[in-house]
Amino acid sequence: VESWINVAIQVGPPLVLLLGGYFIGSAVEASHFRQLRARELRSRNLPVMTLREVPASWKVEEAMLVTGCCVISLDYFKRFVAGLRLIFGGRLGTYETLMDRARREAVLRLKESAFEAGYRAIIGLRLETSQIAKGNRQNGGTVGVEVLAFGTALRLAK
Amino acid sequence: VTFDPRLPRDDVNVSKTHPLAEAGWLLAAALAAGLLLALLAFAATEVVARWLPPRAEARLFGNLFDAMAVEGGQRAQDEKADRASALLARLAAHWPENPYTFRLVVAPDESLNAFALPGGTIAVTRGLLDAVQSENELAFVLGHEIGHFAGRDHLRAIGRGLVLSLLLRAIVGASATDVTIPTFASELASRGFARDQESRADAFALDLVYAEYGQVRGADAFFARLPDAHAGFGQRAASWLSTHPVTQSRIDALRARAKEKGYGDVAN
């Protein structure tokens with residue numbers, strides 16, 4: 001009986017974290033995706049391109065570096081699934097949504113800040129990611145990832 | 001340049017698999033792999049327990065469990081421990097095929113317990129040493145542990161314990177369960193042995209005690225000191241759940257064997 005209690009003590013908290021991570025994490029994720037789509041619709045008239053140079057026909061009045069940055073972390077459930085993936089390999093589905101959200105959030109922040117400052121086009125968009133923190137755990141798992149979007153915002157003459 | 005303000009699809013970078021389905025498949029696969037590994041490990045343990053020569057066993061595990069006694073600062077050097085060591089040597093002498101050189105270590109723990117550890121080390125807790133009231137009683141406990149060596153149960157137990165703790169670590173995560181040797185050893189003692197192994201060790205102990213003293217009075221006294229951890233569950237549930245036979249059934253088995261072999265009365 002005691003050993004079962006021990007097992008419960010060992011397994012219980014992670015299980016609660018797992019369930020909490022899943023339900024809360026999914027709700028947050030679903031709402032973030034809805035919000036992302038709405039903001040993308042709202043800002044769709046501001047073109048963002050990866051062009052290195054300003055097209056010859058454009059008359060640029062002003063240019064400025066704009067950035068959008070987003071730092072994301074895993075929830076317990078995603079980390080758990082990723083831990084299992086370490087054994088078998090394959091697509092890390094739970095991280096895909098996470099990274100997708102981070103990329104889109106970073107680009108949206110870039111667009112929104114550019115639009116607020118009066119710019120109407122962005123060229124030379126680049127994305128960077130960096131690992132900002134390493135866990136103390138033995139497996140050295142990633143705790144957070146930063147996605148940085150940067151580009152050149154342009155104010156064009158009519 | 002004309003600009004077409006349409007949004008691209010927003011689901012291209014995301015897998016369609018539901019995260020729960022992904023988790024479910026992975027868990028099932030991990031479980032299957034873990035079970036297979038555990039089965040292999042159990043089988044390997046069985047092979048080792050059967051075929052590992054005691055000499056190799058002593059070399060392998062040599063002084064591993066000395067640390068347990070030394071860490072608590074109670075190396076077996078007092079009078080009680082010395083007497084127990086001497087008793088152990090006398091008992092072992094009644095086992096003609098004994099391939100082991102037994103050593104006694106005292107675990108600095110208040111609980112009542114004794115363990116058979118690989119390499120010929122028998123650990124008894126300080127609590128047990130303090131609680132026993134007759135030499136016969138202690139002799140029975142030591143004989144019981146020698147019986148585990150005779151059945152090579154201790155190797156099976158350590159293998160099972162290792163497999164279990166490794167599985168637990170794999171499931172819960174490495175940092176959550178740091179298995180130190182003392183807790184590991186007590187794990188062995190608490191659920192390491194199967195019921196028939198315990199019964200055989202009891203019978204072995206009874207024979208040794210009789211060989212040493214020509215009588216077996218008080219051999220069952222140890223059982224009276226064991227707190228019955230399973231009392232709340234009722235006898236039947238206990239005998240099902242427990243890896244140790246219920247105290248009373250062990251006492252009954254002892255009495256039956258004493259009667260059958262003509263050892264005389266077990267009770268004090």
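Predicted model: local features only at pLDDT ≥ 70, side-chain atom pairs only at ≥ 80, totals over all residues.
Reader: What kind of aromatic pair do B:Trp95 and B:Phe204 form?
Author: A pair of aromatic rings is described by the distance of the centres and the angle of the planes. For B:Trp95 and B:Phe204 the centres are 5.5 Å apart and the planes stand at 85°. Planes over 60 degrees apart count as edge-to-face, so the pair of B:Trp95 and B:Phe204 is edge-to-face.

Reader: How many residues apart in sequence are the parts that this pair ties together?
Author: B:Trp95 belongs to the loop between helix 4 (79–92) and strand 1 (103–107) of chain B. B:Phe204 belongs to helix 9 (residues 195–213) of chain B. The pair therefore ties together parts whose separation in sequence is 109 residues.

Reader: Is B:Trp95 buried or exposed?
Author: Buried means under 20% relative accessible area. B:Phe204, at 22%, counts as partly exposed. B:Trp95 has a relative accessible area of 9%, so this residue is buried.

Reader: Which residues form one aromatic cluster with B:Trp95?
Author: B:Phe204, the partner of B:Trp95 in the edge-to-face pair, belongs to this cluster. Together with B:Trp95, the cluster is formed by B:Tyr100, B:Phe102, B:Phe149 and B:Phe204.

Reader: Which residue has its charged end over the ring of A:Tyr119?
Author: In chain A, A:Arg120 lies over the face of A:Phe115, at 4.1 Å from the ring centre. For A:Tyr119, a charged end sits 5.0 Å from the centre of the ring, and it belongs to A:Arg155.

Reader: What is the order of the strands in the open sheet of chain B?
Author: Strand 1 and strand 3 of chain B run parallel and are joined by five bridges. Strand 2 (residues 114–117) pairs with strand 3 of chain B in the antiparallel sense, over four bridges. Strand 1 and strand 2 of chain B each have a single partner strand, so they stand at the edges. The pairing is mixed, and the order of the three strands is 1-3-2.

Reader: Why is strand 3 of chain B largely enclosed by the rest of the structure?
Author: On one side of strand 3 of chain B, B:Thr121, B:Ala123 and B:Thr125 are buried, and on the other B:Ile122 and B:Val124. Strand 3 (residues 121–125) of chain B is thus largely enclosed because the number of its residues that are buried is five of the five.

Reader: Which residue in the turn between strand 2 and strand 3 of chain B has a positive phi?
Author: Strand 2 and strand 3 of chain B form a hairpin, with three residues between them. Within strand 3 of chain B, B:Val124 is the bridge partner of B:Ala114. The residue in the turn with a positive phi, about 95°, is B:Gly119.

Reader: How are helix 2 and helix 3 of chain A placed to each other?
Author: Residues in helix 2 (residues 76–88) of chain A, including A:Phe77 and A:Val81, meet residues in helix 3 of chain A, among them A:Tyr95 and A:Leu98. The axes of helix 2 and helix 3 (residues 93–116) of chain A come within 8 Å and cross at roughly 135°. Helix 2 and helix 3 of chain A are therefore oblique.

Technical notes: Residues numbered from 1 in each chain as written. Chains lettered and ligands numbered in written order. Heavy atoms only, no water. Phe/Tyr/Trp six-rings, centres within 6.5 Å; stacked < 30°, edge-to-face > 60°. Helix = DSSP H or I, 4+ residues; strand = E, 2+ residues; numbered from the N terminus. Buried < 20%, exposed > 50% of the residue type's maximum accessible area, 1.4 Å probe, protein only. Lys NZ or Arg CZ within 6 Å of the ring centre and 35° of its normal. Pairing = 2+ DSSP bridges. Axes fitted to C-alpha atoms, helices over the stretch in contact; angles between N-to-C directions. Parallel < 35°, antiparallel > 145°, perpendicular 65-115°, else oblique. Contact = heavy atoms within 4.5 Å.
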